[in-house]
Amino acid sequence: WSSDVCSSDLAIVVMSSVLMGSAYDMSVAWMHKQWADTAAQAACTAGAMDMLYAANNGSTSTPVTAYNFLSSSSGDCATNSSNTMCYYAKLNGYASLGLASNAPSNDVQWSISTTQPANSNSSPTLTKTLNGVPAYMNVAVTENVPVTFMGIFAHSLGMKNSWNTIQVAGHCNCGLEGTTTAGNPQAIAINAGSINGF
């Protein structure tokens, strides 16, 4: 009888430890998720300001020509870090060296488009400016966050390299607002998109 009690007590202790450890890891992941969203908003705002500068100056280039990103429809800061989005993402802790499988790492990707984001409230739709610059931008920040207790538990079950990290992502849609489908924008619209699940 006493050995059964000890076994059940041990099982409760083990399960409680697993649950508390997992809760800790998820709390850390949630915190990193908020940071990723903040970095995405900062990067998107910076990129949209460059788009607004180009539109108001009749240019297809950003203020610093060497860092111009307007000639591409998308990019990844791991391979092309010389633009304002990557700079502001880095200031917020995301150097974007690229995602490494099962290891702490992060990546920042951006794209510009003439298609208005679904969660935008701009009306009527401005698809591009008079100088031909697309009016909308999306920035996605993805991070592999290291886990501690979940990793220990997974390794104890023989699942090697399966729970070293958990992936979180932050997104932001932003763009230029105007009064016609192709014209001079008057403002920058920032509308943080829904943050993806883990």
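How many aromatic pairs does the count come to? In this predicted model, local features require pLDDT of at least 70 and side-chain atom pairs count only at pLDDT 80 or more, while totals for chains, interfaces and linings use all residues. Residues are numbered from 1 along each chain as its sequence is written, and side-chain values use heavy atoms, with hydrogens and water left out.

The count comes to two aromatic pairs, where rings of Phe, Tyr and Trp (its six-membered ring) pair if their centres lie within 6.5 Å, and planes under 30 degrees apart count as stacked, over 60 as edge-to-face and the rest as tilted. One of these is the edge-to-face pair of Phe-69 and Trp-110, with 5.4 Å centre to centre and 70° between the planes. This pair links distant parts of the chain, 41 residues apart: Phe-69 lies in the loop between α1 (2–56) and β1 (74–76), and Trp-110 in strand β2 (residues 105–113). Helices (H or I, at least four residues) and strands (E, at least two) are DSSP runs, numbered from the N terminus. Phe-69 is buried, at 2% relative accessible area, and Trp-110 is buried, at 3% (buried, under 20% relative accessible area; exposed, over 50%; partly exposed, in between; 1.4 Å probe, protein chains only).

Tyr-87 and Tyr-88 form an edge-to-face pair, because their ring centres are 5.4 Å apart and their planes stand at 80°. Tyr-88 is partly exposed, with a relative accessible area of 35%.

Beyond its neighbours within four places in sequence, Phe-69 has contacts (heavy atoms within 4.5 Å) that include Met-51, Thr-84, Trp-110 and Met-137. The C-alpha atoms of Phe-69 and Met-51 are separated by 9.4 Å, the two residues being 18 residues apart along the chain.
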